[in-house]
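Work through these exercises with the sequence and the model side by side. Try each task before reading its solution.

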Amino acid sequence: VDDNAINRLLLQKLVQLHFSCEVISFEDGPAVLDFLHRRLQGPSPPAHTIVLSDVHMDGMDGVELTGRIRQKWDRSVVSIIGVTADHTAAVHELCLGCGMRAVLLKPVMGPQLYDTMSYAIRSDTESGGCGGVSADVPPLSD
């Protein structure tokens, strides 16, 4: 989910390049919440649901979206990976603290995306959905 159409397209293409999965993109948080409600309440929910969310969006930002998702589903049901151009430690801590599984820095590169999504899938199946990681991020200062 990203309010920028070019960013949505780039992430969609990167995911499709590295994974054999269904990719659905959304412009805003409310659309994602509606989709998740319909999809996860259905008769056969997917084995893994990963939401890649821009952290800074107009309207409902990625942090608020994560909070709303976490009110209904825990990490074992939906993994959320934040995507941001903000390289500050405070933003990474905020993202992980609100319930995101990981944080990717823009511009997102294929190997970084692959490693982070693979981590999210492994964590969901191996540990019941605990933990969080800030992908490829050296120690940062505010």
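**Exercise 1: a charged patch**

Task: Find which residues form a negative surface patch.

Solution: Asp3, Glu27, Asp28 and Asp58 form the patch. Asp and Glu count as negative, Lys and Arg as positive; His and the chain ends are not counted. Patch residues have over 30% relative accessible area and no salt bridge, and like charges are joined within 9 Å. A salt bridge is a side-chain nitrogen of Lys or Arg within 4 Å of a carboxyl oxygen of Asp or Glu. Helices are DSSP runs of H or I, at least four residues; strands are runs of E, at least two.

This is a predicted model: local features need pLDDT of at least 70, side-chain atom pairs count only at pLDDT 80 or more, and totals for chains, interfaces and linings use all residues. Residues are numbered from 1 along each chain as its sequence is written, and side-chain values use heavy atoms, without hydrogens and water.

**Exercise 2: Ile69**

Task: Decide whether Ile69 is buried or exposed, then list what it touches.

Solution: Start with its place, helix 3 (residues 62-72). Ile69 counts as buried because its relative accessibility is 0%; buried means under 20%, exposed over 50%, partly exposed in between (1.4 Å probe, protein chains only). Leaving out residues up to four places away in sequence, Ile69 touches Leu33, Leu36, Val51, Val78 and Ile80. Contact means heavy atoms within 4.5 Å. Ile80 is 11 residues from Ile69 in sequence, and their C-alpha atoms are 8.9 Å apart.

Notes:
Patch = residues over 30% accessible without salt bridge, like charges linked within 9 Å, V, L, I, M, F, W, Y side chains within 5 Å. Areas by Shrake-Rupley, 256 points an atom, 1.4 Å probe, with all protein chains shown as cover. Charge placed at Lys NZ, Arg CZ, Asp CG, Glu CD.
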